[in-house]
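I opened this notebook to keep track of what I looked up, one topic at a time. My entries follow the sequence and structure shown here.

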Amino acid sequence: KYVEMEGLRQAYYEAGPADADETILLLHGEPTWSYLYRKMIPVLADAGHRVIAMDHLGMGRSDKPIDIDYYSFQDHVERLETFITELELEQGNLTIFSQDWGHVIGMYVVGTNPEWFDRVVAGNGILPFLPASADPIPYAEDIEASNAAYHESLLATPDQQPAYYDEDGNLIVEQYGGSNDGWAAWMTYAMFYEDLDIGQFVEVHTYFPISAEEEAAYSAPFPSEITMAGARSFPSLVNDTFGVTLEAWANLREFEKPFLTIWGGNDPNNAGLPRNQNLYINSVPGAEGWDHVRLPEAGHYLQDDQGEDIARRMNEFIAQTPITEAASEAGEAPTGLREATIPAIEQTQFMPQPDDLRDFRYCEVLTVVPGDDGFHVLWKIVGMHQFLDDATTHFQYFFRGVAEGLDNPFVAVHVL
């Protein structure tokens with residue numbers, strides 16, 4: 001089926017009764033399509049739910065503009081919003097599951113239209129929260145060398161993934177994509193590598209081997225180079241998110257409706273890191289009290305590795321959170337959820353650094369989010385972006401005057 005927007009068709013697959021009490025919207029990421037949900041859809045539909053798996057523009061069976069510059073994060077967002085309203089999904093009981101770039105786009109739309117959604121189930125991903133002043137992530141300086149190294153890393157990954165985390169959840173083998181340099185390498189590879197093999201890329205990022213036929217199915221929407229502009233552009237769209245997601249994050253920090261995270265536990269990329277899953281668990285009020293899980297035998301594309309189990313968990317989640325007609329019309333959260341939101345970090349007056357640390361540079365703190373193991377801080381120093389978790393590194397921080405809360409605080413940080 002299709003929804004037409006501005007002359008371009010957005011494809012989707014639908015299963016289950018059209019008049020079901022619950023509708024589930026499934027959003028894929030890069031470089032996959034709704035085929036990724038083939039194991040989940042039957043389990044969800046057999047439980048009596050209406051299931052809709054959408055293909056982003058340029059992916060799957062959706063139309064594919066051939067100009068790479070046509071694609072933008074904001075356009076993907078607006079198309080998802082139009083898709084939801086055209087099908088009137090926001091008027092019923094709506095649950096969303098999203099992963100990878102589907103997660104980024106989906107969480108943004110949840111954050112900017114929270115009244116549309118009755119539940120959220122989040123898979124591997126993270127909605128970026130960088131200000132407009134953040135340095136854009138560039139392509140690799142030596143494109144040919146970077147692509148050769150990245151391709152070699154794909155070839156070196158066995159069909160059956162090795163363990164990327166130890167028993168304590170610490171990353172022991174890092175793939176490209178877990179840092180800014182890694183993301184730049186992935187951006188460069190996706191944009192410029194001549195023989196981009198979609199099926200091979202998906203196979204590398206699943207825990208279990210997938211068959212040659214399944215690899216071919218993932219590659220099927222891209223029979224020639226001219227059809228690949230959407231897939232090639234997606235990683236680079238991270239720079240489109242700078243400065244535009246802070247409102248969405250502010251609303252997510254007040255989202256009290258049921259919010260469950262199900263992560264592929266063997267994903268070494270940035271989207272799979274425990275700190276990103278914990279960011280939602282610790283920041284979104286509606287996440288409190290649910291059975292958040294990291295599936296050990298699931299990689300980045302957890303829907304392929306553990307689709308039936310994920311769908312079963314979603315069915316149980318929905319059954320545990322029935323939406324009454326009165327509560328739905330009033331926009332109320334189901335009973336049993338925490339009503340108080342996590343407060344923003346309070347600003348304090350700026351204090352001077354100790355004499356022995358006067359040479360330490362000031363850092364721009366981009367956001368501070370409370371966690372059960374301390375504060376999660378995204379900070380910028382000398383043009384680099386990284387996380388500082390005080391579970392492993394203690395820090396002192398001093399705020400300088402921003403009355404709006406977390407929109408753009410500046411903090412002087414020194415590491416002990």
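This is a predicted model: local features need pLDDT of at least 70, side-chain atom pairs count only at pLDDT 80 or more; totals for chains, interfaces and linings use all residues.

**Entry 1: a pair of helices**

I began with two helices and noted that H2 passes H3 in a right-handed crossing; a crossing is called right-handed if the near helix is turned clockwise from the far one by less than a right angle, and left-handed if it is turned anticlockwise. Residues are numbered from 1 along each chain as its sequence is written, and side-chain values use heavy atoms, with hydrogens and water left out.

Helices (H or I, at least four residues) and strands (E, at least two) are DSSP runs, numbered from the N terminus. H2 covers residues 73–86 and H3 covers residues 101–112, and their axes come within 10 Å and cross at roughly 65°. The axes are lines fitted to C-alpha atoms, for helices over the stretch in contact, and the angles run from 0 to 180 degrees between N-to-C directions.

Which residues of H2 meet H3? On the H2 side I listed Phe 73, Gln 74, His 76, Val 77, Leu 80, Glu 81 and Ile 84, and on the H3 side Trp 101, Val 104, Ile 105, Gly 106, Tyr 108, Val 109 and Thr 112, where contact means heavy atoms within 4.5 Å. By class, this contact of H2 with H3 has 9 nonpolar, 4 polar and 1 charged residues. For these classes, Ala, Val, Leu, Ile, Met, Phe, Trp, Tyr, Cys and Pro count as nonpolar, Asp, Glu, Lys and Arg as charged, and the others, Gly among them, as polar.

I then asked how many residues of H3 are buried. The count is 11 of the 12, so H3 is largely enclosed by the rest of the structure; buried means under 20% relative accessible area, exposed means over 50%, and partly exposed lies in between (1.4 Å probe, protein chains only). Among the buried residues of H3 are Trp 101, Gly 102, His 103 and Met 107.

I also checked the length of H3: at 1.5 Å a residue its 12 residues should span 16 Å, and its end C-alpha atoms are 17 Å apart, which agrees. The expected span is 1.5 Å times one less than the number of residues.

Ser 98 is found in strand S5, and at 0% relative accessibility it counts as buried. Leaving aside neighbours within four places in sequence, Ser 98 is in contact with residues including His 103, Met 107, Leu 27 and Tyr 37.

Val 244 lies in the loop between helix H8 (229–233) and helix H9 (246–252). At 31% relative accessibility Val 244 counts as partly exposed, and, with neighbours within four places set aside, Val 244 is in contact with Phe 73 and Tyr 108.

Most residues other than glycine have a negative phi, and most peptide bonds are trans. Glu 88, however, has a positive phi of about 55° although it is not a glycine, and I found Glu 88 in the loop between H2 and strand S5 (93–98). Asp 100 has a positive phi of about 60° and sits in the loop between S5 and H3. Is each of them buried or exposed, or in between? At 47% relative accessibility Glu 88 counts as partly exposed, whereas Asp 100, at 12%, counts as buried.

The peptide bond from Glu 30 to Pro 31 is cis, with omega near -5°.

Pro 31 lies in the loop between strand S3 (22–27) and helix H1 (41–46), and at 1% relative accessibility it counts as buried. The C-alpha atoms of Pro 31 and Gly 199 are separated by 8.9 Å, although these residues are 168 apart along the chain. Beyond its neighbours within four places in sequence, Pro 31 is in contact with Met 59, Ile 198, Phe 201, Val 202, Phe 222, Ala 231 and Tyr 301.

Met 59 lies in the loop between strand S4 (50–54) and H2, and Met 59 is buried, with a relative accessible area of 0%.
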